[in-house]
Amino acid sequence: MRKPCVFWMLTLLWSSAAAESFMARSLAPEHGVDVFTRAEARRLMDRDLLAEPAGSALYGTVDVYDRFPWVESHWIAVTSDARWQRLLYGAPGDAPRAFGSADMPIAFGEPRGLAFAPDGRLFVTDRTEGRLVVLRLDRSGAEPRLVYVSHVDGLVQPMDVAVHDGGTPLVADDDRVLVVEAGEHRIGVFAAEGDRLVKLHEFGSRGPGNSEFLSPRTVAIGRADGACTDQVFVGDSGNHRLVRLAWRDGRLAWEAAMDLPMEATSVDADHHGNLLLTMRRRNDVWKVTPSFEVVAAMAGGARALAAPRDIAIPFAWVHDHRPGGAGPAWRGEGSVLVLEAWKDASGVRLVDLGVEIGSLRRSGNAELELQLTDPAHASAEITQSDGRIVRHDLGTLAAGTQSVTIPGLDGAARVTLAAVSLYDAARQASKTLVLEDTAPPQVVLHGNVPNPFNPMTTISFALPAAGRAALTVFDAKGRRVRELWSGTLPAGTHEFVWDGRDTRGRAMPSGVYFGRLQALEASIVRKMVMAR
Amino acid sequence: MIQRTVLAVALVAGVHGAATAAPVGIQLELLQPSLVVLDPMYTETAGVDGRTVGALGLGANAAVGDWSVALAIDRASATTDFGLLETPSVRLAFADTRMEMRWRPPLPLGGWSAQIAAGMGRRTLRYSPPSIDFTTGGTTTHVVLGETSTWTRHLAAEVLHAVHGNAWIALRTSWTFYSLDVASPTGVLRQPLRDLHVGLALRVQVY
């Protein structure tokens, strides 16, 4: 039963209203709860509930039948409380349960990172005790319970944990458990032998270079269609970077790193592989592709979140028991919970992953360059100058910047690109680009839209002929902040988006900036105002 | 089946026995608003939003002295999203048809009296809309939500108050017992269920 005054109802109150983009939305509008905060906990439950939530995880099962009840689903939400030294967990509708030192033969010191394996095992890092604890979700009773299984000692400040399913979510034997040991600046890799965990190897040492970390804080496994890929992502806190590792012959190996403006407090991969990074001090959540392209920051910017520290992406076993039903699959949802600082005005927030078209421009005669924030089904509708409308199905496109070829796309036309979220067809985005047939008589730099802006703005210009062009942003002191484009472009109108960040990805402060277009021996400058 | 047969025979025998001793009266039960506390299975397994739902019913009974036979129908509905994320709620309608034998002990007290009843009936569960599509990880699953029916038995206790000599208001509490075939990951289980009804009934003597 769903009691309106129970914390865990919040995990299931994803309303049917579809969001338009990557943004927070009301957690439980029917109960008047936009954000579940310490104040809401006091109002609804007459207690603080949590002291210092550090990590969160969600685990679900969905069964489909050919008879009553037709569909049955169960979810468990777990939150680690570092200060009150316990886990708080429960199913929607049930009163939350605490799992602490009294429920196992060892004592919790500071439980932090949480990760569910597809088979229902829960891994918990204990930072101060230097321990990885293995629990199991017992569903044999009327209400699911966490049960102690085993633990591993001897870790040095374990902060976060992730489970690699070996690419086979249905098979538990090949799972690998990755633990971030901040104190030793490394990643420990464990395998299960029965109920015990055995360390296989370690990766990393202290330093700023390749294969080195400085107090790594968080780890996530890459994903594709729910299953784990061979990529591992590490939030390297001290070096302010996101690191990508890969499995090579059963061991972790260095691949690449991406600089961040500050430390990422958590990194998680969604069902389709996009990475979600929380940056506590920046009050922001970024969406990053596995190839390190920042495709979106959460709508609302710094005002939307309060010290986000972790993200819980709901994953569930989906099993269709009907004759001819699809086999079991491990699937992630398109809405996530963001864990903020536990205060009277912040706590647990629901965020839609959404889908957006970041930029759209012509990159060739019959070619469009576009940026998608998430994988999507895309289509283009072209309205020719004579009024004819032609529609093209572009199929499923990956997140990030890419080019698509559209036959017959030449001359004057109006192109409307539509993207439909793979999570939910109700989530759609569209963008229209007007292509000019006759080139302008001279180079034109249009004003940026919007202006003033915060933090993104679109700069467009038109070229009378194909040729080299460079679009650069300068600050008020004349320092070069970011080069948005440098290369050859065809004649016509072109659009570029500036996200308010410099070349290294650092957010620029409010103030006056200048966009300079150099093309075909012309140089034009326009003033832009950023008001954060 | 044997239990139902025995119950039906008892009902008929009771009516027959009473008819030889007293005149017959007919009452219409025009309005029976009630609250139903559903078995926990509905929230725990079927994802119904809450256990308590409202119900409306109507019926008729033929009274023979202290005995009467009643036929009634009830309609109730609940909502469920099956506990799924991002799925619109559907309505689960409960349609009950029931017949019962009532006995009123000859203990009137200033216009008040009591009555007990036992009977049987048929319950139908029907979803509206009759199918859903839900998405997990981008995969859409279409599920047809078929109709489910089962036999029920019930016991009831009533406190009656006479109004204007030819009408009564009854405060009624009843327990409905039935079994339902419920699918689970390990197979179909026949689950015994029990609902509680608490409500009022307005009965008017028409004959």
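Two strands are taken to pair if DSSP finds at least two bridges between them. In the predicted model described here, strand 19 (residues 241–248) and strand 20 of chain A pair in the antiparallel sense, over 8 bridges. Within this pairing, V243(A) has A257(A) in strand 20 of chain A as its bridge partner.

Both strands belong to an open sheet of 4 strands in chain A, with the order 17-18-19-20 and antiparallel pairing. Strand 17 (216–224) and strand 20 (251–259) of chain A each have a single partner strand and stand at the edges, so one side of each is left without a neighbour in the sheet. From one strand to the next, the twist averages 30°.

A hairpin is formed by strand 21 and strand 22 of chain A, with 5 residues between them. In the turn, G273(A) has a positive phi of about 105°. Strand 21 of chain A pairs with strand 22 (residues 275–279) of chain A over 4 bridges in the antiparallel sense, and L276(A) in strand 22 is the bridge partner of D268(A). The residues of strand 21 (residues 266–269) of chain A are all buried: S266(A) and D268(A) point one way, V267(A) and A269(A) the other way.

Between the chains, 35 residues of chain A are in contact with 30 residues of chain B. On the chain B side, strand 6 (131–136), strand 7 (139–144) and strand 9 (167–184) each supply at least two residues. Strand 9 of chain B provides the largest share, 4 residues. By residue class, the side of chain B that touches chain A divides into 13 nonpolar, 13 polar and 4 charged residues.

Note on methods
Residues are numbered from 1 along each chain as its sequence is written. Chains are lettered from A and ligands numbered from 1 in the order in which they are written. This is a predicted model: local features need pLDDT of at least 70, side-chain atom pairs count only at pLDDT 80 or more; totals for chains, interfaces and linings use all residues. Two residues are in contact if their C-beta atoms, placed from the backbone, lie within 7 Å. Ala, Val, Leu, Ile, Met, Phe, Trp, Tyr, Cys and Pro count as nonpolar, Asp, Glu, Lys and Arg as charged, and the others, Gly among them, as polar. A residue is buried if 20 or more other C-beta atoms lie within 10 Å of its own, exposed if 12 or fewer, and partly exposed in between; C-beta atoms are placed from the backbone. Axes are lines fitted to C-alpha atoms, for helices over the stretch in contact, and angles run from 0 to 180 degrees between N-to-C directions.
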